[in-house]
Amino acid sequence: MIIRTARCARRIGVPSFPRSLPTSPLLLHSLLPPPRVPYRTIMASSEWTTPLRVFPTSDLPLFEPSVEIEEETLPTYEPENYYPVQQGEVLHNRYQVLAKLGYGVTSTVWLGRDLWYVHYDSNYVVLKIYVTGNNRTHELEIYKRMDAVEAHHPGKRFIRKLLDHFWIKGPHGQHICLVHQPLGMSADTLLRKYIPGKAMTLDEMKPCIRQLLIGLDFLHSAAHIIHTDLQLKNMLLPVTDTKTLSNLEEREAKAPSPRKVLKDRTIYLTTVYNPGGDGLPLLSDFGEARFGDVENNADIMPNMYRAPEVVFKESWGYKVDIWNVAMVAWDIVSPRHIFNGKNPDGIFDDRVHVAEMIALLGPPPVSFRERCKLAYVFWDEQGNWKDLAPIPDISLESLGADIQGKDKEGFFRWLRAALQWNAEDRPSATDLLFDEWLMEGLGLERKEENAKD
């Protein structure tokens, strides 16, 4: 199976992605005189092969201390949980922090430079610094499982690389830092900002889904990992030209991003820039991934992407990712999601979501209702829908009327194969990959037949 998958990987086509994209302007903020906040001294090292970048320390654009920005606006924000990063500091005696790229409830993300080595023709890296607390090594354990796979599988190349990891001692505890290869914009950003109509054609979508399924086969069959969060935001374009990163570094050195300086820390504004990217996106963000060789029943996936077994709070496995592949494929060729799930008040409602599933997939089989402990909430003993929400008059064909490309019927058939109520009825990643509709245009079957002859 790996050999067959490898043959398919060699024949994957690459859609036309923009090579030169406009750079967003930096937001302007009022200038205030910065207080002096000595924090840590950067020491030179004989092991460094790259000189340190020096950043300005005066005439910086500052926010008023009373204004909440970035991670401070999160409902669960506790300042002592976050490591107080400073622009220009060197972490682990190796990685210099250049600019802030993002933040969330579990981490902040920074662009850095490796002062020791060059990776992928660049010494730029992405530093993901987790907050303190338990279970912060989960993503690292997922990567360790992937790295431990000895069998050669082409799908491993389609997953974002973890280059290094280390611990940082902060004022309030230990923080783990993951060092990733830098990647470009997400497939979601590409579609929303740079693709006319916010959708590609079916032929343009196929190479991306083929690559996603090859990567997914590696996760499922070789590493025994379930991603659980497949969506366009977690698929990032490769960076073939690091000029955008070097331009960002130069800009930060000349005109640093706005920030708020407090007594014990500085809160930086995420830098606004266009990371670019070219080629097929790599699968990233394994913070919500799970090991597939243990029982799983936690609540996962964004609301509108949840598979039936997740909605009904049953145990789930690898096939939740197959359901999500269908969601991703649809999002590439349509500007709206398959499922909306919102009630008249605009609130996501499981009853509405399930009603939409019935409209698109038909009623669930008896076996599904018999195994689900919560099925009685939605159906009576005879399997009749309890009218908890109106079943909309929709179909895949009506929702996808504006999808562009040939053989739409084949696409809808392929979708229905993945969107099954029972997880065991969904195909595996390789079965979905080698579907005749998705293989059309590659000539894979004909070449394999010739090889056999």
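Asp 114 forms a salt bridge with Arg 94, with 2.9 Å between the closest N and O atoms. A salt bridge here is a side-chain nitrogen of Lys or Arg within 4 Å of a carboxyl oxygen of Asp or Glu. Asp 114 lies in strand E3 (residues 107–114) and Arg 94 in the loop between E1 and E2, so this pair ties together parts that are 20 residues apart in sequence. Helices (H or I, at least four residues) and strands (E, at least two) are DSSP runs, numbered from the N terminus. Both Asp 114 and Arg 94 are buried; buried means under 20% relative accessible area, exposed over 50%, and partly exposed in between (1.4 Å probe, protein chains only).

The model is predicted: local features need pLDDT of at least 70, side-chain atom pairs count only at pLDDT 80 or more, and totals for chains, interfaces and linings use all residues. Residues are numbered from 1 along each chain as its sequence is written, and side-chain values use heavy atoms, with hydrogens and water left out.

By the salt-bridge rule the count comes to 22. Among them is the pair Lys 100 and Glu 71, with the closest N and O atoms 2.6 Å apart. Lys 100 lies in strand E2 (residues 95–103) and Glu 71 in the loop between H1 and E1, so parts 29 residues apart in sequence are tied together. Lys 100 and Glu 71 are both buried. Another salt bridge joins the side chains of Asp 349 and Arg 351 at 2.8 Å, N to O. Asp 349 counts as buried because its relative accessibility is 11%, while Arg 351, at 39%, counts as partly exposed. Salt bridges with shared partners also link Arg 53, Arg 113, Glu 249 and Glu 250 into one network.

| Salt bridge | N to O distance |
|---|---|
| Lys 100 and Glu 71 | 2.6 Å |
| Asp 114 and Arg 94 | 2.9 Å |
| Asp 349 and Arg 351 | 2.8 Å |

Two buried polar residues come next. Glu 139 is in helix H2 (residues 138–147) and is buried, with a relative accessible area of 2%. Its side chain and that of Lys 128 are joined by a polar contact of 2.8 Å. A polar contact is a pair of N or O atoms within 3.5 Å; within protein, one must be able to donate a hydrogen and the other to accept it, and residues adjacent in sequence count only if both atoms are side-chain atoms. Beyond neighbours within four places in sequence, Glu 139 is in contact (heavy atoms within 4.5 Å) with residues including Tyr 130, His 180 and Asp 285.

Gln 181 is in the loop between strand E6 (173–180) and helix H3 (187–194). At 9% relative accessibility, Gln 181 counts as buried. The Gln 181 side chain reaches the backbone nitrogen of Lys 161 at 2.8 Å. Leaving aside neighbours within four places in sequence, its contacts include Tyr 120, Ile 159 and Leu 282.

Helix H7 is mostly covered, with 14 of its 15 residues buried.

Thr 76 counts as exposed because its relative accessibility is 53%. Thr 76 and Gly 104 are 28 residues apart in sequence and 10.0 Å apart in space, C-alpha to C-alpha. Tyr 376, in helix H10 (residues 375–378), is exposed at 55% relative accessibility.
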